[in-house]
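Reader: Could you walk me through the charged pairs and a helix packing in this one, taking it slowly?
Author: Gladly, let us look at it together.

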Amino acid sequence: MSSTPLDLAPVQAQVASLLPRALDDLRTLVAIPSVADERIFPREDCERAAHWVADAFRAEGIDDARLVETPDGSNVVLGYRPGPPGAPTVLLYSHYDVQPPLDDAAWLTPPFELTERDGRLYGRGSADCKGNIVTHLTALRALRALGGDDFPVGIRIVIEGSEEQGTGGLDQYVEAHPGELAADAILIADTGNATLGLPTLTVSLRGATNVVVTVEALEGEIHSGMFGGAAPDALAALVHILSSLRDDAGNTTIDGIPPEIADATWPGVDYDPDQFRSDAGMLEGTRLLGSGRVSDQLWSRPAVTILGIDAPNVVGSAAAIQPRAAARLNLRVPPGADAQDLQDKLVAHLENHAPWGVKVTTTRDAVGQPFQARTDGHVFDTLSRALADAFGKETVTAGQGGSIPLCNVLASEYPDAQIVLLGVEEPACLIHAPNESVAPSEIEQLAVGEALFLSRLG
């Protein structure tokens, strides 16, 4: 390939001609129910998806693309093609495993059959993350079509097989094989634009941890008529504790978190409140939580969510005071805060806010630290400009409320590499929910931007 960077127009034309093939690939991939949970889907489905991915990248010049088993038993697809002498290496990441379909009845079309409706393509994994895989493939195909078989940079691919399960197989593999995935730039294709058609680089991820809080007050159930009013109620005590985690405005209120973390503001693009209401499916009359902007609440401040409660079902419940109740809480930790410290503060808060002398115990999950990307340097500037040219709009930066622990692992193993996050998963995609979808225009324009970036970086 020539060392002269490619112009925008021919890249756009080439990617446009490749888009039907990309969507055919997406249709094939979505049809494979690659849920990395053998309790729900057979392991063979993930293996089939992994082999398809390896074959597809080998066909595009990554000759050694292969399946490698990770410590959690899943297969990651790895591959590497060196670039010209002195050229940087770019690692392209995505994952082929998907979330379970959840409620089949809630899908308007079959979850594992890519279906067009109103200009969008519906199917589990269409955006998260198979749409990103075909975007990588399309960018590489465009480069080869326009410049010959050689790429302007070294290309390393890492396509994970158990990201949605959070079992850490790839994280453990990276730590056990230092230097194997070395790169100068790492493109994590597992996020998306702030809104459809607005080029966005995700530069921060909240960390996360779960805590189970259990409240005990009695030796056993007792009659609410005979003892109610004087006997401590474990379920009521739990409700009291949980209500202390938010103020009247909906701000998360964990004792001991300093104002610079609790009231932090997001410096990048805001999330339009009306758009957020629509994207979140908020019911009419409900109010946004918190005293800050939507972007502040999502990307810069800690948040606690109640994931589940152990309590009697309404149907079948008896007139009894509950001796025991429990809740599972999810704590999201913004960049600038330490996840272990915030978990400690949450546990102390739960214990300190227990009423009536009830017994409180907590069980902690492992902590995942937040991630903050570097926004200086040639890689970030080149990618920002390439995406701006591809989408015809200036690139903005956003945060991500979710967590991708691999980012911190890669940052620790390769401190000189610049890590940036991008992808096709804009809010309307409804990833992880029924009726997940992707806009073909996001695949097309992102592939243009990625091809331009690889060309210019070389």
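Reader: Before we start, what counts as a salt bridge here?
Author: A salt bridge is a side-chain nitrogen of Lys or Arg within 4 Å of a carboxyl oxygen of Asp or Glu. Please keep in mind that this is a predicted model.

Reader: Fine, so how does Arg-81 pair with Asp-150?
Author: Their side chains form a salt bridge, with N and O 3.3 Å apart. Arg-81 belongs to strand S2 (residues 75-81), while Asp-150 sits in the loop between helix H3 (130-147) and strand S6 (154-160), so the bridge ties together parts that are 69 residues apart in sequence.

Reader: And is Arg-81 buried or exposed?
Author: Arg-81 counts as buried, because its relative accessibility is 17% and the cut-off for buried is under 20%. Asp-150, at 45%, counts as partly exposed.

Reader: How many salt bridges turn up in the whole structure?
Author: The search finds 22 of them. Another one joins Asp-344 to Arg-364, with 2.5 Å from N to O. That pair links distant parts of the chain, since Asp-344 is in helix H10 (residues 339-352) and Arg-364 is in strand S14 (residues 359-364), 20 residues apart. Asp-344 is partly exposed at 34%, and Arg-364 is partly exposed at 38%.

Reader: Which residues are joined into one network?
Author: Arg-21, Asp-25, Glu-60, Arg-141 and Arg-144 are joined that way, through salt bridges that share partners.

Reader: What about Asp-24 and Arg-27, where do they lie?
Author: Both are in helix H1 (residues 8-30), three residues apart, which is about one turn of the helix. Asp-24 is partly exposed, with 43% relative accessibility, and Arg-27 is partly exposed at 37%.

Reader: Changing topic: at what angle do H3 and H13 cross?
Author: The axes of H3 and helix H13 (residues 440-457) cross at roughly 50° and come within 8 Å. That angle makes H3 oblique to H13, and the crossing is right-handed.

Reader: Which residues make that contact?
Author: On the H3 side they include Val-134, Ala-139, Leu-140 and Leu-143, and on the H13 side they include Ile-443, Leu-446, Glu-450 and Leu-454.

Reader: How many of the contact residues are nonpolar, polar or charged?
Author: By class, the contact of H3 with H13 has nine nonpolar residues, six polar ones and one charged one.

Note on methods. Residues are numbered from 1 along each chain as its sequence is written. This is a predicted model: local features need pLDDT of at least 70, side-chain atom pairs count only at pLDDT 80 or more; totals for chains, interfaces and linings use all residues. Side-chain values use heavy atoms; hydrogens and water are left out. Helices (H or I, at least four residues) and strands (E, at least two) are DSSP runs, numbered from the N terminus. Buried means under 20% relative accessible area, exposed over 50%, partly exposed in between (1.4 Å probe, protein chains only). Axes are lines fitted to C-alpha atoms, for helices over the stretch in contact, and angles run from 0 to 180 degrees between N-to-C directions. Angles under 35 degrees count as roughly parallel, over 145 as roughly antiparallel, 65 to 115 as roughly perpendicular and the rest as oblique. A crossing is left-handed if the near helix is turned anticlockwise from the far one by less than a right angle, and right-handed if clockwise. Contact means heavy atoms within 4.5 Å. Ala, Val, Leu, Ile, Met, Phe, Trp, Tyr, Cys and Pro count as nonpolar, Asp, Glu, Lys and Arg as charged, and the others, Gly among them, as polar.
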